[in-house]
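This report concerns a ligand site and the backbone of one loop. Please consult the sequence and the structure shown here alongside the text.

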Amino acid sequence: MKLYEISEAKGIESLQLTERPTPRPGPGEVLVRVRATSLNYRDLALCKGGLARMVKLPMIPVSDGAGDVVETGPGVMRLKTGDRVAAIFTQGWLSGPPYQGMYQSSLGGGIDGMLAEYVVLREDGFVKIPDYMTYEEAATLPCAAVTSWNALVVEGRIKPGDTVLTMGTGGVSIFALQFARMYGARVIATSSSDAKLKRLREMGAAHVINYKSKPDWDKAVLELTGGQGVDHVVEIGGAGTLPKSMNAVKAGGIVHLIGILAGAGQIDPMGLLFKQARIQGILVGSREMFEAMNRAMAANDVHPVIDRVFPFSEAREAYRYLESGAHFGKVCIAV
Ligand SMILES: NC(=O)c1ccc[n+]([C@@H]2O[C@H](COP(=O)([O-])OP(=O)(O)OC[C@H]3O[C@@H](n4cnc5c(N)ncnc54)[C@H](OP(=O)(O)O)[C@@H]3O)[C@@H](O)[C@H]2O)c1
């Protein structure tokens, strides 16, 4: 089978197209023909040497993928040949609360990922994908969508009428906008691009802010909320944006700490103390969350937003496109 491998994490050029024998499923395992994968910022970071302590090289990159079960090993009971499935990001986190060390079973990180024609994983490590979704759509879900779901719905207990601040127009933020709208929340969305802000409005954002031309976007959020702030901040910038997110959050609200795109910064915790607000770390989510999210998306006919689908032979171009930041939503690779 064909696959991409990273043996030295020195950038996008490290992605090498190669071949290995097609694996066979052992007891409790299934063989899946991968039909589509999607990229996350993490995949880009890992091929550049990010999170190096957690990754064993050589490895097959990319956490997110969907396909068909083509063979089952002895004792498999949850899945059968022909099932359409997506792999779960953290193979060991099926349900319940997070646990120490769970990252070791993350696809395309602690263990081999999905950028291959075939994968063998434990049957427990998959969810069935909704009938109405294409393979590309389903391949966008395991990391970005489950993360936003965990933040807003599981930890955040979002309610109709809540206000949600989303940052930028990458995978996590667009799913957050879709889930917030699904729950009847009001969304304030930011982007560095006016053209993308227009699309955010079309998707139901009540207010939009250009965080480049308005670097005081936290003050704009306070103005838009009558000085109150928002119930939820979907924080994808990390230390570089956290002080402003802490300013923009409401008393008793939650900053969902998800990403690291904005680099370093100084954090003064006092504002949070006086607001009795909290910062909640989020690391994707469990299979149980993924399944609940799929049911909710199906009931509301929510389709993931895919910017572009690249052919398998152009995986490096897909990485470069993600790196450019030109995308809106998800970037996929058909397999
Ligand atoms: N904790 C977890 O479980 C988890 C899961 C998934 C992702 N993440 C992290 O979340 C972050 C986003 O991931 P992703 O896959 O959604 O990324 P992505 O699709 O590559 O999104 C990139 C977009 O983020 C926006 N952005 C960049 N810098 C920004 C800033 N300073 N302020 C506001 N927006 C900014 C830009 O949007 P515009 O072009 O509109 O400006 C950019 O296009 C990454 O740090 C990733 O590692 C964490």
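The model is predicted: local features need pLDDT of at least 70, side-chain atom pairs count only at pLDDT 80 or more, and totals for chains, interfaces and linings use all residues. Residues are numbered from 1 along each chain as its sequence is written, and side-chain values use heavy atoms, with hydrogens and water left out.

The ligand is surrounded by 26 residues, each having a heavy atom within 4 Å of it. The closest are Thr169, Ser191, Ser192, Tyr211 and Val284. This shell comprises 14 nonpolar residues, eleven polar and one charged, where Asp, Glu, Lys and Arg count as charged, Ala, Val, Leu, Ile, Met, Phe, Trp, Tyr, Cys and Pro as nonpolar, and the others, Gly among them, as polar. Because domain 1 (2–140 + 304–334) and domain 2 (145–281) both contribute to the shell, the ligand lies between them; the domain bounds come from an automatic or database assignment. Helix H3 (141–155) and helix H4 (171–182) each provide at least two shell residues, helices being DSSP runs (H or I) of at least four residues and strands (E) of at least two, numbered from the N terminus.

| Residue and part | Ligand atom | Distance |
|---|---|---|
| Ser192, side chain | oxygen | 2.6 Å |
| Ile258, backbone | nitrogen | 3.0 Å |
| Ile260, backbone | oxygen | 2.9 Å |

Taken alone, the ligand exposes 940 Å², of which the protein buries 88% (Shrake-Rupley method, 1.4 Å probe).

The loop between helix H1 (41–47) and strand E4 (64–72) contains Pro58, which a cis peptide bond joins to Leu57, with omega about 0°. Val62 is placed in the loop between H1 and E4, and its phi is near 85°, a positive value in a residue other than glycine.

Conventions. Polar contact = N/O pair within 3.5 Å; in protein donor to acceptor, adjacent residues only side chain to side chain.
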